[in-house]
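Please look through the model before reading the solutions.

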Amino acid sequence: MSNSGGSLTEKDMGHATGAAPNAHGPATGHYRGGYDPRNPMANIHAGDEPRLPAFGGEFQPGLWRPVEKRQFANPAPLGLSAFALTTFVLSAINLGTRGVNVPNIVVPLAFGYGGLVQLLAGMWEMVVGNTFGATALSSYGGFWIAWGLLLTPHWNILGDEGPYKTDAITSSDPMMYESAMGFFLTGWFIFTTILLLCTLRSTVMFFLLFFTLDLCFLMLACSHYSHSNGNTEMYHTLTKAGGGFGMVAAFLAWYNAFAGIADSSNSFFLIPVFHFPWSEKGREARLARAATRETRDSA
């Protein structure tokens with residue numbers, strides 16, 4: 001994804017994602033607001049220049065022009081892939097796939113791939129000036145590290161004889177740990193909702209990633225609240241629902257990662273990300289169709 005392959009790669013990336021090539025020539029001198037050519041992903045926007053919609057592989061809903069002359073590789077596919085694999089494994093367990101219902105296999109993934117690698121990808125997004133990508137990937141990297149700590153037997157945060165299983169706690173509320181887990185997941189639901197709102201003017205695939213993840217957090221939070229209230233049947237139903245939405249989110253993350261990896265140098269085909277009709281690219285497509293109809297009618 002670096003620029004070492006020449007301008008064709010970046011151009012093909014524009015076609016793969018629907019981002020139009022820059023028709024204004026070099027950015028220096030055209031864009032106002034302190035554009036720094038050494039920081040091509042900087043979220044700078046001033047004046048009346050329109051913002052182009054995001055494409056999945058860039059993890060940047062505020063992107064307002066194609067990336068050109070990038071000095072760094074694109075860290076978004078790495079972060080998306082780390083998120084996808086860890087979410088896939090946990091969601092398979094939440095669904096009870098093959099009868100597996102013990103989630104501790106997620107611990108090494110949560111620390112090593114979904115946690116550390118995704119956190120590093122978020123830091124690299126910060127280096128290239130992508131505020132959204134840095135916030136999202138770093139935060140979800142932190143989520144997986146926290147989840148790994150919750151499941152680590154040595155910490156025993158939720159286990160027997162842990163802080164939520166003392167005699168004083170169990171005598172007042174034996175299911176207090178379920179409410180605590182509900183609070184934990186509700187906070188991530190709120191955070192994901194904030195990110196979701198930032199994707200409403202981007203692309204369908206980018207939006208659906210955060211939409212399904214948001215529903216995953218909501219279902220899992222509600223499942224713990226149900227268990228705290230003693231409704232075991234609803235707890236299992238909502239856990240499976242959260243696993244289902246998490247599984248869809250994992251494959252959408254892989255889809256968006258592939259959109260950022262694939263170009264003419266390594267793939268025989270490019271995948272679409274489907275721009276919203278109200279996005280900048282959607283408006284351009286409507287105007288182009290209208291112009292084509294007018295030309296055909298006049299002929």
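**Exercise 1.** Determine whether Trp-144 is buried or exposed, and describe how its ring is placed against that of Phe-143.

*Solution.* Trp-144 has a relative accessible area of 2% and is therefore buried, where buried means under 20%, exposed over 50% and partly exposed in between, with a 1.4 Å probe and protein chains only. Phe-143, at 4% relative accessibility, likewise counts as buried. The model is a predicted one, in which local features need pLDDT of at least 70 and side-chain atom pairs count only at pLDDT 80 or more, while totals for chains, interfaces and linings use all residues. Residues are numbered from 1 along each chain as its sequence is written, and side-chain values use heavy atoms, with hydrogens and water left out. The ring centres of Phe-143 and Trp-144 lie 4.9 Å apart with the planes at 65°, so the pair is edge-to-face; rings of Phe, Tyr and Trp (its six-membered ring) pair if their centres lie within 6.5 Å, and planes under 30 degrees apart count as stacked, over 60 as edge-to-face and the rest as tilted.

**Exercise 2.** Name the aromatic cluster to which Phe-143 and Trp-144 belong.

*Solution.* Both residues are part of one aromatic cluster, whose other members are Phe-83, Tyr-140, Trp-147, Phe-184, Trp-188, Phe-191 and Phe-217.

**Exercise 3.** Find how far Lys-165 lies from the ring centre of Tyr-177.

*Solution.* Lys-165 lies over the face of Tyr-177, at 4.6 Å from the ring centre, the criterion being NZ of Lys or CZ of Arg within 6 Å of the ring centre and within 35 degrees of the ring normal.
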